[in-house]
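Subject: Structure for you to look at

Dear colleague,

I am handing over the structure below, and after it you will find what came out of going through it. Please keep it open while you read.

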Amino acid sequence: MSARLKALLLVTPLVVFLGLFFLWPLWMMIATAVQGGTVRLAFPQTATAIASWDGSDPPPAALQAALIRDLRADTPQERFGDAVRTLNSQQAGFRTLLPRTARTLREAAESDPVDLATVDPRWSDQAYWLALKRSMPAYTDANLLAAIDLKRTDEARITPVEPDFAVNRAIMLRTFVIAIQVTLLCAAIGLPFAMLTASLSGWKRNALLIAVLLPLWTSLLVRTAAWLILLQDSGLINQTLRAIGLIDSPLSLIYNRTGVLIAMTHVLLPLMVLPIYASLIAIPRNLMPAAAALGAAPLQAFRHVLLPLAMPGLLSGSLLVFMVALGYYITPALTGGAGDQMISSVIAFYATGTANWGMAGALGLFLLAPTTVLYIVYSRLSRTPLVQT
Amino acid sequence: MSSASLRPGGAAFNALRLGFGTLVVGFLLLPLVAILPLAFTDSVFLVYPISGPSMRWFGVLAESQAWTRAIVNSLIIGTGATIVATVIGTLAAMGLRRELVPFSGLLRSIFLLPMVVPAVVLGVGMQILYARMGLASSYLGVIIAHAVLCVPFVLVNVASSLASMDPALERAAASLGASPVEVFRNVTLPLAMPGILTGAVFAFATSLDEVVITLFVAGPNQTTLARQMFSSLRENISPAIAAAAFIIMILTFVLLLAVKGASLIGALRKKREISGL
């Protein structure tokens, strides 16, 4: 067997495994976000009939009959519920209209002629039929638009949603701001700390390195729990500050932005320190003395020699911290208040709270896309491995 | 303080360095150190000073069905995910070793992606996929999901131990008449073992710590220790959490130290053998 074939065979199990359980789920998430499937599934006959209605005239009798047949059919409760939710997000009122109509139709005899407008006057309002038509395409950008607080009007023009429902952009902005804040904090602490570590030798250097690696090896959940305990009103931090007389009443350090920033900076700091340290120890030791010998003042040597050489590490550390911070869920969920939740918590809410996978997928795509781009930039720029051992 | 002493090498500058270093080391280590003793408190509150010492909260964990079940689940799922990830991750690392596979670089980047993709995003995808495949709320489903997250750690560790291996050793074994299988069993595998074991420990620790994907794919029967801890942290903070945190930390550190220690002892023994020749 050729060496090439053997290598290929060795790689195959992982390719298949990740293809099946990593790339495919991501693909399905994206597909679910753009499929207009829920309403089509629940109203198959209406879907066919509505395609030939151009939306300008009142809905023809054939279309009304198709909808009546679909509503009388034995659609699973869950599928019906999904469709109602999707429709209601397009046109408020469907949440009461559809179940009421379905109930009336089932109570009436099969052979009775039915006029939908007499069952509920809202059926004579064209807006409901237009919303129904809009919700029927095979593919839709409704979820993607809703993820950034936009929607299509009846004339298919894109407009902002009502201010009361426009929350996603604010949360995306907040996610971005928190990630930037954490990156800056990590850089402000991590750069001097990495420089200090690189300037030491022997056991002192090892001690500082171990202090960086130990948290990295410790469970994220344990670290977050520890901050929760330390930062609470009766926690060690407030106790100490009170004991030394700096404060009279406890500072509120937890369930707000302060708590999120402290905990996230702690969790992500090692990811900043290690790449900077790696780029610093690659610098020849005699470079700074050489700069001094050539007459550079210490600050000049720092600015023109050390800082530029630390730059690649600082850049990859910042990219890494920012990229990881964007997707954070656990730490803000535990240490933040309602106003500190990031995009991940909204995605989790849609997926596990309301089973609205279309919206969860659309928001997920808006998180996945920047992360992937940042990862590509990161792997181009950086020679430091993602995992430290 | 004169400005001259703030220069590198000056007394004030050195004091500043010492102060800053101590502060950051304190910031990094304080949470880890502070949570451990609280596992042994006698009080119902997670506060200092500790009244105790007592094993009271470990008793609470041992008596609570939810917690014992969560610990058992974590061990089952962690072991399963570690085995899956270690086997296929090690094979792939060996396959990628000499860059004989087309697009080796691209494949390596894709293999590391599970570490980068936000857990919530992967969770949504897995939830949709599992609903279709019928894997939702099953042990197998959770094990597979965890294995996806664990694979990069195995891959990186095995790859780095393979990279530091002298290929001449394998060539020498082959030229002395060893079959490819014998070379693999007697030369490659033992030399890669420290990397494989370290990767396995990181894989186990990753699974032990995983919350987000578990929230999406596990049913109530597959609640893990981390997930149980996450939901108790959201409800009420009791010292039972510190006891659970203690278990997680000790498990991870003991395994890590065991592996690092074993590879250190192995290296020392090899050195002695060589010098004894």
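In this model, 70 residues of chain A are in contact with 77 residues of chain B, where two residues count as being in contact if their C-beta atoms, placed from the backbone, lie within 7 Å. On the side of chain A that touches chain B, the largest share, 18 residues, is supplied by helix α1 (residues 3-34) of chain A; helices (H or I, at least four residues) and strands (E, at least two) are DSSP runs, numbered from the N terminus. Sorted by class, that side of chain A holds 54 nonpolar, 14 polar and 2 charged residues, with Ala, Val, Leu, Ile, Met, Phe, Trp, Tyr, Cys and Pro counted as nonpolar, Asp, Glu, Lys and Arg as charged, and the others, Gly among them, as polar.

Before going further, please note that this is a predicted model, in which local features need pLDDT of at least 70 and side-chain atom pairs count only at pLDDT 80 or more, while totals for chains, interfaces and linings use all residues. Residues are numbered from 1 along each chain as its sequence is written, and chains are lettered from A and ligands numbered from 1 in the order in which they are written.

Turning to chain A as a whole, its secondary structure comes to 19 helices and 2 strands, and its C-alpha atoms fill a box of roughly 100 × 75 × 40 Å, taken along the principal axes. Of the 389 residues in chain A, 42% are buried, meaning that 20 or more other C-beta atoms lie within 10 Å of the residue's own, whereas 12 or fewer make a residue exposed and anything in between partly exposed.

The largest nonpolar core has 166 residues, and those with the most contacts inside it are A:A225, A:L268, A:A325, A:I347 and B:A245; such a core is a set of buried Ala, Val, Leu, Ile, Met, Phe, Trp, Tyr and Cys residues joined through C-beta atoms within 7 Å. Helix α6 (residues 139-163) of chain B gives the most to this core, namely 16 residues. Leaving aside residues up to four places away in sequence, A:L268 touches A:V182, A:C186, A:V321, A:V324 and A:A325.

Finally, A:P163 sits in the loop between β2 (158-160) and α10 (168-199) of chain A, and A:P163 counts as exposed because it has 8 C-beta neighbours inside 10 Å.

Best wishes
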